[in-house]
Amino acid sequence: MTAARIDGKAVAAALRGDVADAAAVFTDRTGRAPGLATVLVGEDPASAVYVRSKGKATGEAGMASFSHTLPDTISEAELLALVDQLNADDRVDGILVQLPLPAHIDANRVIAAIDPAKDVDGFHPVNAGRLATGLDGLVPCTPLGCLHLLKQQLGSLAGKDAVVIGRSNIVGKPMAMLLIGESATVTVAHSRTRDLPDVVRRADIVVAAVGRPEMIRGSWIKPGATVIDVGINRVPAAEEGKTRLVGDVAYDEAAEVASAITPVPGGVGPMTIAMLLRNTVVAAHRRAGLPDPE
Ligand code: NDP
């Protein structure tokens, strides 16, 4: 069997088109565009690339982008003051503080300072609690993107056996909550899980969010399973001095066994940004007292 390649780039492009339509309608109705504020502390090159691409995508969707770049010498109090200022700014519907933050700043304190209604990353404890209790809130973008791909591929997820590998607050845990919400039977695996290959072998749905290049082998995959690879790992390429990106799943092997699989790059990555835009437009509607866009 050769698995279908799930084209996250194409799905994300369609989603971004829908978000742009919703943003245009919102702007017509309210006289202002939905706005996303990004906060970047320090000069981590990967973070700078992410923040730039988020800002660019925001503009392309017809939304306002407010970008704040701060030196890594900024104090926690100064960063908290900026968050307060953005909380109070009516033009700002979404606030994204790019992680990781420098070691002298407590990321949990900064996340907790964001108005939950503007927390488009979905990391605030109030939004995590809303997700866990089945209430409407803002859901972390990466797992939301994974769920969208799964539903598009499989339709109903009810009764499916799903294994999520990884239990981070950003990916693994919210992914498990979303799958439970769809009535899948969910196992969450992590570094202390015994016999991971055997656990994975039971799954109709595998979501890998580990951060270890090609750790999940083809022989672990149940024939016909759907595989979502969240991992982004930079490894040396064949050509000396060059690098390439690989996922947490050994793609070529898994594609021999699975029925569908996301590639890296071009799978989950583009969905994350699309869902960030979607969360921003949803936050704008809710703050304006309007129903969620389609
Ligand atoms: P974390 O490092 O926060 O979490 C990794 C998880 O994997 C942990 O729960 C850890 O277990 C588990 N783990 C580590 N080693 C093993 C092992 N040998 N066997 C089983 N489980 C293991 O990472 P994130 O959740 O933030 O990210 C995961 C991956 O997804 C990374 O590659 C990251 O780059 C990528 N990512 C991609 C995004 C995208 O847009 N596509 C967005 C966010 C992340 P334990 O808890 O026991 O330590």
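These legends describe close-up views of a predicted model. Residues are numbered from 1 along each chain as its sequence is written. In this predicted model, local features need pLDDT of at least 70, side-chain atom pairs count only at pLDDT 80 or more, and totals for chains, interfaces and linings use all residues.

View 1. An unreviewed UniProt entry lists G166, R167, S168 and I232 under "binding site". UniProt positions follow the numbering used here, feature names are shortened, and annotations may be inferred rather than shown by experiment.

View 2. G166 sits in the loop between β5 (161-165) and α7 (172-181). Helices (H or I, at least four residues) and strands (E, at least two) are DSSP runs, numbered from the N terminus. G166 is buried, because 23 other C-beta atoms lie within 10 Å. Buried means 20 or more other C-beta atoms within 10 Å of a residue's own, exposed 12 or fewer, and partly exposed in between, with C-beta atoms placed from the backbone. Neighbours within four places in sequence aside, G166 is in contact with V171, G172, H190, A209 and V210. Contact means that the C-beta atoms, placed from the backbone, lie within 7 Å.

**View 3. I232 in its loop.** I232 lies in the loop between β8 (226-229) and β9 (233-236). I232 is partly exposed, with 18 other C-beta atoms within 10 Å. Leaving out neighbours within four places in sequence, its contacts are L245, V264 and G269.

View 4. In α5 (residues 125-133), N127, A128 and L131 are buried. They share one side of the helix, because they cover an arc of only 105 degrees around the axis. That arc is taken from the directions from the helix axis to the C-beta atoms. Cover for these buried residues includes α7. Exposed G129 and T133 are on the face turned away from the buried side. G134 follows α5, with a positive phi near 80 degrees.

Note on methods. Contact = placed C-beta atoms within 7 Å.
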